[in-house]
Amino acid sequence: MSGVNGVTKHAGSAPLLTLRNVSRRFVTGRDFLGRVQQSVCAVDNVSIDVEPGTTLGIVGESGSGKSTLGRLALRMIESDAGEIDFSGEDLRRLSPKDLRQLRPQMTMIFQDPYSALNPRWTVGRSIAEPLRINGSSTREETHSAVVDMLARVGLDADAMHRRPAAFSGGQRQRIVIARALITRPRLVFCDEPVSALDVSTRAQVIGLLEDLQRDLGLTYLFVSHDLGIVESVSDRIAVMYLGSVVEIGNAETVAREFRHPYTASLVSAVPAPDPRAQRVRRRIVLSGDPPSPVDPPSGCTFHPRCPLAEPICAREKPPLLIDAAGHGVACHVTQGSTDLIGANLLARMTDAREPGISTTLPVRVPAPDSAPASASMP
Ligand SMILES: Nc1ncnc2c1ncn2[C@@H]1O[C@H](COP(=O)(O)OP(=O)(O)O)[C@@H](O)[C@H]1O
Ligand code: SF4
Ligand SMILES: [Mg+2]
């Protein structure tokens with residue numbers, strides 16, 4: 001192992017974004033004297049590096065802390081602890097004035113293209129708004145920047161004179177993307193950018209984001225609850241569970257040679273591209289709902305739902321240990337194991353939940369007309 005808690009020690013270019021031991025707790029209840037009665041640890045001691053021009057995918061169930069992590073990374077909200085370094089600047093220590101100057105370099109693409117745009121404003125005004133706030137462009141510069149951005153996102157220049165209601169969901173998301181990129185940012189936080197779109201539009205918008213990344217040298221933090229989408233766009237993936245990163249590594253490694261039981265359950269929920277592979281794949285059904293973040297389980301917070309849990313799991317929180325290739329996992333049972341990886345881990349989990357089923361793939365071929373296995377994943 002060459003690193004602990006998300007800090008990798010493999011060669012590569014200097015990261016554009018570095019988070020070290022970042023945490024954020026939200027107060028969710030106070031008594032009549034204003035004293036804190038209840039709080040939620042949304043992000044717990046997270047460390048990640050994002051190299052320039054790459055995509056870090058962040059995946060996990062709803063409430064796992066993905067959006068909070070992205071907002072902390074852009075200092076849209078304040079962290080309680082840790083360090084956040086953007087392009088050599090310690091974001092937590094920047095004065096409000098210096099932060100304002102850095103702002104255009106970091107932007108966000110929102111999930112819902114319907115609520116993200118002011119319905120009363122023309123598209124041109126919405127796209128130009130970040131430049132107006134920035135105050136550094138003339139009228140002519142702003143106009144030509146809007147025309148250029150509209151072309152880059154695949155819309156005609158005359159779109160700028162119309163209002164959002166004239167556009168479909170996919171087109172509105174293109175407008176949202178144009179607005180996010182008008183200041184020519186370096187880092188873009190994409191928070192579930194295709195979740196509100198229908199399946200055919202999703203592929204087009206993802207293709208557009210990939211083209212823009214290549215053309216403009218963008219770095220993405222890409223959040224989704226869908227591992228299939230995250231795998232298709234990411235260079236590296238961080239898997240979050242109840243505020244912590246439980247697995248991190250190259251996208252292909254996390255999606256195929258996963259070592260964390262929670263990642264395995266996410267993988268099993270992704271339809272296999274090959275229908276023959278789909279027939280032999282079993283979906284891991286996690287027992288119970290995600291635990292309350294107000295009162296998280298002891299030790300490994302996944303233990304009440306984990307088919308492989310052992311007594312130590314309820315007592316001690318496993319550290320995230322990273323190997324020389326940058327693959328990290330936080331699990332007492334699979335860390336260091338040579339066989340609890342990928343398909344074998346899935347098979348072992350199926351066996352643990354349903355004794356008697358083979359522990360080697362293919363685990364079982366369901367009848368073509370059998371009901372799909374359900375799961376409590378989103
Ligand atoms: N502003 C807030 N006030 C109180 N709790 C919050 C706030 N924002 C997020 N949370 C809580 O923090 C946890 C993580 O939320 P979030 O980052 O939105 O998760 P995700 O994006 O993975 O769905 C959740 O339990 C959520 O309820
Ligand atoms: S540490 Fe234990 S409970 Fe947590 S994922 Fe690993 S086996 Fe499961
Ligand atoms: Mg979210």
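Select helix α1 (66–73), where the buried residues are Lys66, Ser67, Thr68, Leu69, Gly70, Leu72 and Ala73. A residue is called buried if 20 or more other C-beta atoms lie within 10 Å of its own, exposed if 12 or fewer, and partly exposed in between, with C-beta atoms placed from the backbone. By this criterion α1 is mostly covered, with 7 of its 8 residues buried. Helices (H or I, at least four residues) and strands (E, at least two) are DSSP runs, numbered from the N terminus.

The model is predicted: local features need pLDDT of at least 70, side-chain atom pairs count only at pLDDT 80 or more, and totals for chains, interfaces and linings use all residues. Residues are numbered from 1 along each chain as its sequence is written, while chains are lettered from A and ligands numbered from 1 in the order in which they are written.

**The end of α1**

Next, select Arg75, which follows α1 and is found in the loop between α1 and β5 (81–86). Its phi is positive, near 50 degrees, although Arg75 is not a glycine. Most residues other than glycine have a negative phi. Arg75 is partly exposed, with 17 other C-beta atoms within 10 Å.

**Ligand 1**

Now select ligand 1. Which residues are the closest to ligand 1? Among the 13 residues that surround it, they are Phe26, Ala42, Lys66, Ser67 and Thr68. A residue is near a molecule if its C-beta atom, placed from the backbone, lies within 6 Å of it. Helix α1 gives the largest share of this shell, 3 residues, and β2 (17–30), β3 and α1 each supply at least two. By class, the shell has 4 nonpolar, 8 polar and 1 charged residues. Here Ala, Val, Leu, Ile, Met, Phe, Trp, Tyr, Cys and Pro count as nonpolar, Asp, Glu, Lys and Arg as charged, and the others, Gly among them, as polar.

Select Asn45, whose place is in strand β3. Asn45 has a positive phi of about 60 degrees although it is not a glycine. Asn45 is partly exposed, with 19 other C-beta atoms within 10 Å.

The next stop is the largest nonpolar core, which has 95 residues; Leu221 and Val239 have the most contacts inside it. Strand β3 (residues 36–50) contributes the largest share of this core, 7 residues. A nonpolar core is a set of buried Ala, Val, Leu, Ile, Met, Phe, Trp, Tyr and Cys residues joined through C-beta atoms within 7 Å. Leaving aside residues up to four places away in sequence, Leu221 touches Val50, Leu56, Ile58, Gly70, Ala73, Phe189 and Cys190. Two residues are in contact if their C-beta atoms, placed from the backbone, lie within 7 Å.

**Ligand 2**

Move to ligand 2. Of the 13 residues around it, Cys300, His303, Cys306, Cys313 and Cys331 come nearest. This shell divides into 10 nonpolar, 3 polar and no charged residues.

**Two helices**

Finally, select helix α3 (residues 123–134) and helix α4 (residues 139–152), whose axes come within 10 Å and cross at roughly 120 degrees. Axes are lines fitted to C-alpha atoms, for helices over the stretch in contact, and angles run from 0 to 180 degrees between N-to-C directions. Gly124, Ile127, Ala128 and Leu131 of α3 meet Thr142, Ala145, Val146 and Met149 of α4. The residues of this contact are 6 nonpolar, 2 polar and no charged.
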